[in-house]
Amino acid sequence: MDVTAGMGGHLQYLSQRLQNDARLFGIDIDPMAVSAATDALSSSGWAVFIAQGSYSQVDHISAEWGISQFDGILADLGVSSPQLDNESRGFSFRSDAPLDLRFDQSSGRPTAAEIIRVEGEKKLADIFYNFGEERQSRRIAKAIVERRRKQEIRTTGELAEIVRSVIHPPHENKSLARVFQALRIVVNDELSTLEQSLPRLVSHLKPGGRLGVISYHSLEDRIVKRFCQSQGVTHRKVESKDALPKLADGTLPQFEVITRKPIIPSDDEIAQNPRARSAKMRVMERLAS
């Protein structure tokens with residue numbers, strides 16, 4: 001099961017390495033991605049099930065499928081390349097588009113433009129600092145508030161212009177990326193969703209099944225790393241589950257952390273796909289009960 005199915009690329013790749021009786025399951029919050037993944041996998045000859053929703057809804061969605069445990073689960077976090085490349089979605093500061101940033105535009109959640117319009121200067125600075133790790137967050141927030149007194153900020157181009165007015169070369173693009181990341185995280189409540197969903201995802205693994213999580217910035221990776229440390233044992237060296245070291249809460253670990261350090265892309269992969277340069281993958285395996 002790929003809980004961030006996107007265009008179906010990971011499921012297509014995995015299907016080439018699985019037995020013919022395997023079943024492929026996908027979840028994505030973006031209705032456009034669900035449609036694309038369904039089309040991409042429809043002629044594959046595999047038993048494919050794609051559902052629209054957040055991976056935080058995995059309990060409900062898997063129940064609708066009538067299956068509770070999976071051999072493998074993958075979560076590829078953040079924004080996808082098709083979303084970045086679709087100018088109308090507002091995920092990129094390199095084009096002028098409505099300042100939206102919602103993965104599901106039918107969700108009814110506030111857009112980035114609405115957050116920019118209503119939040120105070122301090123709250124905006126906190127958003128850029130806490131979720132984008134932007135050191136110039138206060139200067140940027142102040143410039144936004146000053147501009148919106150004159151006119152409403154509605155597009156990615158208008159926001160980018162404001163950031164560039166206070167952050168000068170060669171740092172403006174990095175600051176823009178951090179500001180847009182911070183707004184996207186808040187708009188979609190990404191970190192809380194990840195933190196709350198990890199226990200649900202691993203609960204749907206069969207014994208011996210593995211969960212792989214790919215993150216793209218330190219905030220995501222920190223959540224995954226802490227979950228691994230708190231819930232799993234690294235490189236178990238005993239055969240008996242009863243002999244495993246207990247966790248901090250006194251319970252026995254249910255999972256083995258396969259990746260002592262995260263898997264990162266090779267230089268060749270980064271050369272082929274520069275967007276992969278910050279990716280980190282951590283893997284957990286469910287222990288036999």
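A pocket, in the sense used here, is an open set of grid points with protein on both sides within 12 Å along at least five of seven lines, and its lining residues are those that have an atom within 4 Å of a point. The model shown in these views is a predicted one.

View 1. The residues that line the second largest pocket are E133, E134, R135 and Q136, together with I167, H168, H171, K174, S175 and R178. By side-chain class, this lining divides into five charged residues, four polar residues and one nonpolar residue.

**View 2. Helix α8, residues 156–166, and its buried residues.** Within α8 the buried residues are T156, L159, A160, I162, V163 and V166. Seen down the axis of α8, these buried residues fall within an arc of 160°, so they line one face of the helix. An α-helix has 3.6 residues a turn, so residues three or four places apart point the same way.

**View 3. T193 in helix α10, residues 190–203.** With a relative accessible area of 15%, T193 is buried, because the cut-off for a buried residue is under 20%. The side chain of T193 reaches the backbone oxygen of D189 at 2.7 Å. When neighbours within four places in sequence are left aside, T193 is in contact with S54, Y55, S56 and N188.

**View 4. R210 in strand β4, residues 205–215.** R210 is partly exposed, its relative accessible area being 39%. The side chain of R210 is joined to the side chain of E285 by a polar contact of 2.8 Å. Not counting residues up to four places away in sequence, R210 touches D71, G72 and I73, as well as L205, I258, V283, M284 and E285. From C-alpha to C-alpha, R210 and I223 are 18 Å apart in space, while in sequence they are 13 residues apart.

**View 5. S278 in the loop between helix α12 (267–272) and strand β7 (280–286).** S278 has a relative accessible area of 34% and is partly exposed. Residues up to four places away in sequence not being counted, S278 touches S215 and Y216, and a polar atom of the S278 side chain lies 3.2 Å from the backbone oxygen of Y216. The C-alpha atom of S278 is separated by 7.8 Å from that of I264, although these two residues are 14 residues apart along the chain.

Methods
Residues numbered from 1 in each chain as written. Predicted model: local features only at pLDDT ≥ 70, side-chain atom pairs only at ≥ 80, totals over all residues. Heavy atoms only, no water. 1 Å grid on protein atoms, 1.4 Å probe; cavity = no way out; pocket = protein on both sides within 12 Å on 5 of 7 lines; lining within 4 Å. Nonpolar A, V, L, I, M, F, W, Y, C, P; charged D, E, K, R; others polar. Buried < 20%, exposed > 50% of the residue type's maximum accessible area, 1.4 Å probe, protein only. Helix = DSSP H or I, 4+ residues; strand = E, 2+ residues; numbered from the N terminus. Arc of directions from axis to C-beta. Contact = heavy atoms within 4.5 Å. Polar contact = N/O pair within 3.5 Å; in protein donor to acceptor, adjacent residues only side chain to side chain.
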